[in-house]
Amino acid sequence: MALALMKHRPVTGNEAPLLAVDFSHEMLLRGAEKFAPHNIVAIEADALHLPIADGSLDLVTSAFGFRNLANYEEGFAELFRVLRPGGQIGILDCNQPGGLTGAMYNLYFKKVLPKAGGLISGDADAYRYLPASVERFPRPPRLLEMIRAAGFKDASWTGYTFGTAGLYRATKP
Ligand SMILES: C[S@@+](CC[C@H](N)C(=O)[O-])C[C@H]1O[C@@H](n2cnc3c(N)ncnc32)[C@H](O)[C@@H]1O
């Protein structure tokens, strides 16, 4: 995500660094190899307690990370805190679709994926965590309510791939 964002960032010559946050040391070590040639600073921190000043960021994004937070209301409050007025969030994450798509998705996600993923990787638990975490993640109407309750405006969700993933966007007034 950090590298993709760098590509789209307007070049002015005196840009502040892009901050890449994760609380997994191993994940940041892997990222550091890719970040080295770029103006990216890796920060080892919990997204619920960011070591970042109030009102200091233009944009906060997360790709398949936000769903893992221990408390979503606190997560949105923390993102609101660090954004400047007019700053935006872009949160891409999994979603549990409804109807027939949801039934087929559940079959694949809960029965097929843990077995196939476990056989190939040797870590079936990781592939049981994935569907469990998606099930626990609130659906778009509820998450949009939380985003608005945190103080954001223009909250929206755009679904992708039959609603199995989607992007939440909102702006700090
Ligand atoms: C599926 S990975 C996605 C990583 C990243 N978007 C990327 O493209 O490399 C989810 C990441 O979220 C991190 N994570 C989960 N909860 C977190 C939290 N409370 N604070 C910081 N990072 C967290 C995990 O350590 C993991 O590296």
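Val41 is partly exposed, because 13 other C-beta atoms lie within 10 Å of its own, a count between the limits of 12 or fewer for exposed and 20 or more for buried. The structure described here is a predicted model. Val41 belongs to strand β2, which covers residues 40–44. When neighbours within four places in sequence are left aside, the contacts of Val41 are Pro17 and Leu19. Val41 and Ile89 are 48 residues apart along the chain, and their C-alpha atoms are separated by 19 Å.

## The four-stranded sheet

Four strands form an open sheet in the order β3-β4-β6-β5, and the pairing is mixed. The edges are taken by β3 (57–63) and β5 (153–160); each has a single partner strand, so one side of each is left without a neighbour in the sheet. On average, neighbouring strands of this sheet are turned by 10° against each other, direction ignored. Helix α3, residues 72–82, packs on the sheet and touches β3 and β4 (83–94), and the direction of α3 makes about 145° with that of β4.

Strands of a sheet pair through backbone hydrogen bonds, in either a parallel or an antiparallel sense. Between β4 and β6 the pairing is antiparallel and extends over seven bridges. Ile91 stands opposite Tyr168 in β6. β5 and β6 (residues 165–171) also run antiparallel, joined by six bridges. Lys153 has Thr171 of β6 as its bridge partner.

## The two faces of β6

In a regular strand the side chains alternate between the two faces of the sheet. The covered face of β6 presents Gly166, Tyr168 and Ala170, whereas Ala165, Leu167, Arg169 and Thr171 belong to the uncovered face. Two residues of the covered face, Tyr168 and Ala170, are among those with the most contacts inside the largest nonpolar core.

The largest nonpolar core has 16 residues. Those with the most contacts inside this core are Leu79, Phe80, Ile89, Ile147, Phe152, Tyr168 and Ala170. At least two core residues come from each of β3, α3, β4, α6 (140–149) and β6. Beyond its neighbours within four places in sequence, Ile89 is in contact with Val60, Leu79, Tyr168, Arg169 and Ala170.

The buried residues of α3 are Gly75, Phe76, Glu78, Leu79 and Phe80. Their cover includes β3, β4 and α6.

## Positive phi values in two loops

Which residue in the turn of the β5–β6 hairpin has a positive phi? It is Thr161, with a phi of about 50°, and the hairpin has four residues between its strands. Thr161 is not a glycine. Thr161 counts as exposed because it has 12 C-beta neighbours inside 10 Å, and the exposed class includes residues with 12 or fewer.

Phe64, in the loop between β3 and α3, is another residue other than glycine with a positive phi, here near 60°. Phe64 is partly exposed, because 14 other C-beta atoms lie within 10 Å.

## Surroundings of the ligand

There are 14 residues around the ligand, and those that come nearest are Ser24, Ala47, Ala63, Gly65 and Asn68. By class, the shell consists of nine nonpolar, three polar and two charged residues.

Is Asn14 buried or exposed? Asn14 is exposed, because 5 other C-beta atoms lie within 10 Å. Asn14 is placed in the loop between α1 (2–8) and β1 (18–22). The C-alpha atoms of Asn14 and Leu57 are separated by 15 Å, with the two residues 43 apart along the chain.

Tyr108 is part of helix α4, which covers residues 99–121. Tyr108 is partly exposed, because 13 other C-beta atoms lie within 10 Å. Between the C-alpha atoms of Tyr108 and Pro131 the separation is 9.7 Å, and these residues are 23 apart along the chain.

Conventions. Residues numbered from 1 in each chain as written. Predicted model: local features only at pLDDT ≥ 70, side-chain atom pairs only at ≥ 80, totals over all residues. Pairing = 2+ DSSP bridges. Axes fitted to C-alpha atoms, helices over the stretch in contact; angles between N-to-C directions. Contact = placed C-beta atoms within 7 Å. Near = placed C-beta within 6 Å. Nonpolar A, V, L, I, M, F, W, Y, C, P; charged D, E, K, R; others polar. Core = buried A, V, L, I, M, F, W, Y, C linked by C-beta atoms within 7 Å.
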